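Reader: Hi! Could you walk me through this one while I have it open on my screen?

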Amino acid sequence: MLATPLYNCDYDRVYEPAEDSFLLLDSLESELSFLRSIFEKDNYFPIILEIGCGSGIVTTFLHQHAIPTNKGLYLPVDINPWAIDATLQTIKKNPPTKDLQTTTIVDPLLMDLVAGLKSNSVDLLVFNPPYVPAEAVPNLPPGTNDEGWLDLALLGGEDGLVVTNKLLNNLHNILSPKGVAYILFCARNKPQEIQLRMEGHGWKVDLIEKRKAGWEVLSVYKFQKIKTNF
Amino acid sequence: MKFITTNFLKCPIKTCDVSNDNYPLQYNGEKCELQQENIEYKPEFLIKILDRLDWEAVLSVAQDLGNTSLPSNKPQILDDGVEKDAILRDLHTLLLQTNIVEGEMKCKNCGHVYYIKNSIPNLLLPPHLA
Ligand SMILES: C[S@@+](CC[C@H](N)C(=O)[O-])C[C@H]1O[C@@H](n2cnc3c(N)ncnc32)[C@H](O)[C@@H]1O
Ligand SMILES: [Zn+2]
C-alpha cells in the first residue's frame, strides 16, 4: 500500500480529508499499472489536473508516488484560496523520494473548474466534487476571511450534481486524446444513470471502487473517450 | 507559477472563447517579478515537454517578459550537438526554472486583467462575469 501524505490544515476553511478522499486515493492506487502503461511510454510529459484540491491530499499523493509517471505538470485547482495555500504546504511536506527520479512542476491555480484552461490539454483529471444534494450551489463568500468556504466543498445543488455535470458536459473539450478522468460520486447522485448517459455520448465508463461510508455509499468512476476511426 | 504553465492558460470569460485573442494571455513585463528555481536538467524530458507546447504562445509570453532570443520555430529532435544542447538549456531555464512570483496578465480580447500573487495566478471572475 502506498503511503498517505501527511497533512494538516485549518479545517474551518479547508475540507478535511475524509472517506471520499481516501476512496479516491485507493482508486488511483488500484489504477497505477493502467496509468503507468499509458503514460510511462516514450517519456510522454502528461498534464495532471485536480479540480477542488482542498487540503491537497490527492494531488500530493499522485505527485509523491510518481502517478501517472515520474514527470509531468500538476495543476491543482480550487476556488478557495485557503485550499490553494493548504495544497502548497501539503506538497512541500511530502516530496517524492529520490529514487523515483521525478521531473515535475506543481502549479496551483485559483480558478472555477477549468474556466481558464486551454482546451484538450488534460491527460489525467481527478475530481472529488461538492456532491451533497442541496437547494443550490452556494455563492463564493464575499471576502477571503468570511465564512462559507466549507459549504462550497460539500453542497452540489440539485441531486448534488450541478458542479459535476458542468464538468461532465464539457469533458470532451477538457481531456487530451489520451485523457482519463476519475470522478467521485455518492449514491444520491445516481451514478449508474450518469454512466448510461455518458456511454450514450461515446464515453467508456468503468466503476473503479465502491464503498459504504457511514450512511453514504461512495463510488469512483473512470471516464475515457472512445477512439473513433473515421 | 512557472513559465510552462502560461502555455495552458486562457481568458476564463466564456464569450472570449469565440475570439482567437484569448490565448495566450498578455503578461505585463514591467509588473512581473521573476525568480529562478533550481530544477535538475534532463534534456531527454525537455524534448518531450516541447511536444506538449504551443510554440507561438511560448514566443509571445517570452517576449512579454523581455526574452526575444528564442528561435522562431520550435527546436526539432536533436542530434546531441553542442549547439542544440545550448538551446535546450535555455529552454530548461525559461520553461521550468522561471517562476512568475508577482505580476499581471491581460486578455487581448476583452482586456480583463488577472493577477499573480505569491506565485499563484488568480483566474476567478467577479460574479457579474462568471
Ligand atoms: C469534497 S472537497 C474535496 C477536497 C480534496 N480534493 C479531498 O479529496 O479531500 C471539494 C473541493 O472542491 C472545491 N470546489 C467546489 N466548487 C469548485 C469549483 N467550481 N471549482 C473549483 N473547485 C471547487 C471546494 O473548495 C473543495 O475544496
Ligand atoms: Zn477575455
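Reader: Let's begin with Lys222(A): which side chain does it contact through a polar contact?

Author: Happy to! The side chain of Lys222(A) makes a polar contact of 2.8 Å with the side chain of Glu31(A). A polar contact is a pair of N or O atoms within 3.5 Å; within protein, one must be able to donate a hydrogen and the other to accept it, and residues adjacent in sequence count only if both atoms are side-chain atoms.

Reader: Before we go on, what am I looking at, and how is it numbered?

Author: This is a predicted model, where local features need pLDDT of at least 70, side-chain atom pairs count only at pLDDT 80 or more, and totals for chains, interfaces and linings use all residues. Residues are numbered from 1 along each chain as its sequence is written, chains are lettered from A and ligands numbered from 1 in the order in which they are written, and side-chain values use heavy atoms, with hydrogens and water left out.

Reader: Thanks. Back to Lys222(A): buried or exposed?

Author: Lys222(A) is buried, because its relative accessible area is 7%. Buried means under 20% relative accessible area, exposed over 50%, and partly exposed in between (1.4 Å probe, protein chains only). Lys222(A) belongs to strand β8 of chain A; helices (H or I, at least four residues) and strands (E, at least two) are DSSP runs, numbered from the N terminus.

Reader: And which ring does its charged end sit over?

Author: That of Phe34(A), with the charged end of Lys222(A) 3.4 Å from the ring centre. The rule asks for NZ of Lys or CZ of Arg within 6 Å of the ring centre and within 35 degrees of the ring normal. Lys178(A) has its charged end over the ring of Tyr44(A), at 4.6 Å from the centre.

Reader: Nice. How many aromatic pairs are there over all chains?

Author: Three aromatic pairs over all chains. Rings of Phe, Tyr and Trp (its six-membered ring) pair if their centres lie within 6.5 Å; planes under 30 degrees apart count as stacked, over 60 as edge-to-face and the rest as tilted. Phe185(A) and Phe223(A) have ring centres 6.4 Å apart and planes at 55°, so this pair is tilted. Phe185(A) is in strand β6 (residues 175–186) and Phe223(A) in strand β8 (residues 216–225) of chain A, so the pair links distant parts of the chain, 38 residues apart.

Reader: Switching to the metal: which residues are the protein donors of the zinc ion (ligand 2)?

Author: Cys11(B), Cys16(B), Cys107(B) and Cys110(B), each through SG, lying 2.3 to 2.4 Å from the zinc ion. Donors are N, O and S atoms within 2.8 Å of the metal (3.2 Å for Na, K and Ca); water is not among the atoms, so sites may look incomplete.

Reader: What arrangement do the four donor atoms make?

Author: A tetrahedral one, because they subtend angles of 103 to 117° around the zinc ion. Four donors count as tetrahedral if all angles lie between 85 and 135 degrees. In sequence the donor residues follow the spacing C-x4-C-x90-C-x2-C. Cys11(B) is in the loop between α1 (3–6) and β1 (26–27) of chain B, while Cys107(B) is in the loop between β3 (98–106) and β4 (113–117), 96 residues apart. Cys11(B) is buried at 0% relative accessibility, and Cys107(B) is buried with a relative accessible area of 1%.

Reader: Now ligand 1: how many residues surround it?

Author: 20 residues, the closest being Ser21(A), Gly52(A), Asp78(A), Asp112(A) and Asn128(A); a residue counts if one of its heavy atoms lies within 4 Å. A nitrogen atom of ligand 1 is 2.8 Å from a polar backbone atom of Gly52(A), and an oxygen atom of ligand 1 is 2.6 Å from a side-chain N or O atom of Asp78(A). A backbone N or O atom of Leu113(A) is 2.9 Å from a nitrogen atom of ligand 1.

Reader: What about the phi of Leu113(A)?

Author: Leu113(A) has a positive phi of about 45°, although it is not a glycine. Leu113(A) counts as buried at 12% relative accessibility.

Reader: Last one: where are the cis peptide bonds you'd point me to?

Author: One joins Ile67(A) and Pro68(A), with omega about 5°, and one joins Tyr23(B) and Pro24(B), with omega about -10°.

Definitions and conventions:
Four donors count as tetrahedral if all angles lie between 85 and 135 degrees; four count as square planar and six as octahedral if opposite donors are over 155 degrees apart and all others between 65 and 115; anything else is irregular.
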